[in-house]
Amino acid sequence: MRIVVLSGGFGGSRFITGLLDETSPDDEVTVVANTADDLWIFGLRVCPDLDTVMYTLGDGIDCHRGWGRTDETWNAKEELAAYGADDSWFGLGDRDLATHLVRTEMLRSGTGLTEVTRRLCRRWGRGTLLDRVHLAPMSENEVETWISTTIDGRDVDIHFQEFWIKHRAAVPVHAVRQRGIEAAEPAPGVLDAIEAADVIILPPSNPIVSVGPILDVPGIRAALRASPAPVVGVSPVINGRAVRGMADQLLAGLGIENSSTAVAALHGARANGGVLDGWLVDESDTHCVAELESAAIRARAIPLWMRDQETTRQLAEDTLALAEAIAHG
Ligand code: GDP
Ligand code: CA
């Protein structure tokens, strides 16, 4: 089976660990990661979602924080703060820094982000889950999410990371823009993987800043729509709340209702110009199923909380079962 997952960081990578428990090493899993969170900081190119997937599957993630490295130390960050450096709010751990240094060096020497990612992953491989996926950026072109907001009475545009980390999403969201997206091209191999897929999965990743930008890379949404494979998604919203994360504020700021159906409507039913064939909602959102089905999206209500590895594996099993039901009419 060839499976393509369009992933953000935390929600996407947790889901993928369950998917890998549920699939066999013969299955081909391609993870297309969002790169619109990426930023230049202190001269380094940082790719938060690619790194979260790489560290999670490579067994290098700090499980408590859900991002960054295990056994991390923060000497460089403290030194930057001591110099009064402007961007010292960004969480650059000492171990993590090595990843960004190596990546930036390779990018500067002209290597594309796909190959850079492949080489970074090679370090982790060796028997970890990362061995079993092909991890690719959505695009090699720089795309960055910027948020229009108001801070101290002034209307400003800030990078998504500044909004998320420095302001903890506690400032108003007037608009979300993916700078560079119109000119971006899908990374090499991404369209081929979508075209050859048997199943395409939208994991429970942030719909506005993770899955949205991937779909918005010119060519990717059209490839999903053209694919014969079922496209199934898992709601990141449970019972009217974006669990663990701050997607609430983003949805609210954009005037989108905080519900599983509203997120599904954002991606749209394939039958009505969107991408979704199926959508999983939480058992607490059972009332959404009829509405989704009347909007031509096959829906099921099941437990969506990834509480532990077993519930996460079960979620992947349910996702593949929905895809199979769709494939067989
Ligand atoms: P990020 O890039 O690190 O923000 O991670 P993602 O975009 O991949 O995922 C963030 C989303 O995961 C959030 O919007 C949450 O709503 C969702 N999420 C986190 N934990 C769970 C869970 O246990 N179940 C479900 N269904 N969604 C979750
Ligand atoms: Ca992200």
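**Helix packing and domain contacts**

In this predicted model, helix H2 (residues 48-57) and helix H4 (residues 94-108) have axes that come within 12 Å and cross at roughly 120°. H2 is therefore oblique to H4. The crossing of H2 past H4 is right-handed. From H2, the residues that meet H4 are Asp 51, Met 54 and Tyr 55. Their counterparts in H4 are Asp 96, Thr 99, His 100 and Arg 103. Sorted by class, the contact of H2 with H4 has three charged, two polar and two nonpolar residues.

H2 also packs with helix H1 (residues 10-22). Here the angle is about 35°, and the axes are 9 Å apart. H1 passes H2 in a crossing that is right-handed. H1 brings Phe 10, Ser 13, Ile 16, Thr 17 and Leu 20 to this contact. H2 meets them with Thr 52, Val 53, Thr 56 and Leu 57. The contact of H1 with H2 has no charged residues by class. It has five nonpolar and four polar residues.

H1 meets a further helix, H13 (residues 309-327). The axes of H1 and H13 come within 7 Å and cross at roughly 75°. H1 is therefore roughly perpendicular to H13. On the H1 side, the contact is made by Arg 14, Phe 15, Thr 17, Gly 18, Leu 19, Asp 21 and Glu 22. On the H13 side, Gln 309, Thr 312, Arg 313, Leu 315, Ala 316, Glu 317, Thr 319 and Leu 320 take part. By class, the contact of H1 with H13 has five nonpolar, five polar and five charged residues.

The domain assignment gives three segments of the protein: domain 1 (38-137), domain 2 (144-179) and domain 3 (190-327). Between domain 1 and domain 2, the C-alpha centres lie 23 Å apart. Seven residues from domain 1 and six residues from domain 2 take part in the contact. The two domains, domain 1 and domain 2, bury about 540 Å² between them. Of this area, 66% is on carbon and sulfur atoms. On the domain 1 side, the residues that lose the most area to domain 2 are Asp 38, Leu 39 and Trp 89. Together, Asp 38, Leu 39 and Trp 89 account for 71% of what the domain 1 side buries.

Methods:
Residues numbered from 1 in each chain as written. Chains lettered and ligands numbered in written order. Predicted model: local features only at pLDDT ≥ 70, side-chain atom pairs only at ≥ 80, totals over all residues. Heavy atoms only, no water. Axes fitted to C-alpha atoms, helices over the stretch in contact; angles between N-to-C directions. Helix = DSSP H or I, 4+ residues; strand = E, 2+ residues; numbered from the N terminus. Parallel < 35°, antiparallel > 145°, perpendicular 65-115°, else oblique. Left-handed = near helix turned anticlockwise from the far one by under 90°. Contact = heavy atoms within 4.5 Å. Nonpolar A, V, L, I, M, F, W, Y, C, P; charged D, E, K, R; others polar. Domains from an automatic or database assignment. Buried area = accessible area lost by both parts, 1.4 Å probe.
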